[in-house]
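Hello,

Here is the structure I promised to pass on to you. Please have a look at it first, and then read my notes below.

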Amino acid sequence: MKYVVSIILVLFSVFAILWMRSNIIALEYRLSNLEEKKKILLRENRNLLAQKASLTSFAKISRTDDCFLVLPDRKKVVYIDGKPEILIKTASFKKNQ
């Protein structure tokens, strides 16, 4: 009876070890697939950042004919001192008495 129990325990331990190793190998495959996806996404992110930089560059905007952006004449630029919140609160159409 002891031999039968010991054989069953040995077989159980062998199958347990095989099951653990197969799970570890499956996890390693999954990890490598995720690393490949990460590389692809990082490359795509780099390409999108480069595309954004090229589309928003001032040279690109100034070259387009549809855009009406021009640099203003420095003599016509008026600077307003103060906080914009205060200016909005004090502006009104009421006449001063």
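The notes below go from the overall picture to the details.

This is a predicted model, in which local features need pLDDT of at least 70 and side-chain atom pairs count only at pLDDT 80 or more, while totals for chains, interfaces and linings use all residues. Residues are numbered from 1 along each chain as its sequence is written, and side-chain values use heavy atoms, with hydrogens and water left out.

The chain has three helices and zero strands (helices are DSSP runs of H or I with at least four residues, strands are runs of E with at least two, and both are numbered from the N terminus). Along the sequence this reads as α-α-α.

On confidence, the mean pLDDT of the chain is 84, and 74% of its residues reach 70 or more (pLDDT is the predictor's confidence in each residue, from 0 to 100). Where pLDDT is low, the predicted coordinates should not be read in detail.

Buried residues make up 0% of the 97 residues (buried means under 20% relative accessible area, exposed over 50%, and partly exposed in between, with a 1.4 Å probe and protein chains only). The chain exposes about 10600 Å², and carbon and sulfur atoms supply 65% of that area (areas come from the Shrake-Rupley method with a 1.4 Å probe; for residues, only the protein chains shown count as cover).

There is one salt bridge in the structure (a side-chain nitrogen of Lys or Arg within 4 Å of a carboxyl oxygen of Asp or Glu). Lys39 pairs with Glu36, and their closest N and O atoms are 4.0 Å apart. The two residues are separated by about one helical turn because they are three residues apart in helix H1. Glu36 is partly exposed, at 43% relative accessible area.

Finally, an unreviewed UniProt entry lists residues 24-51 as "coiled-coil region" (such annotations may be inferred rather than shown by experiment). In the model, residues 24-51 are 100% helix and 0% strand, with the end C-alpha atoms 40 Å apart.

Best wishes
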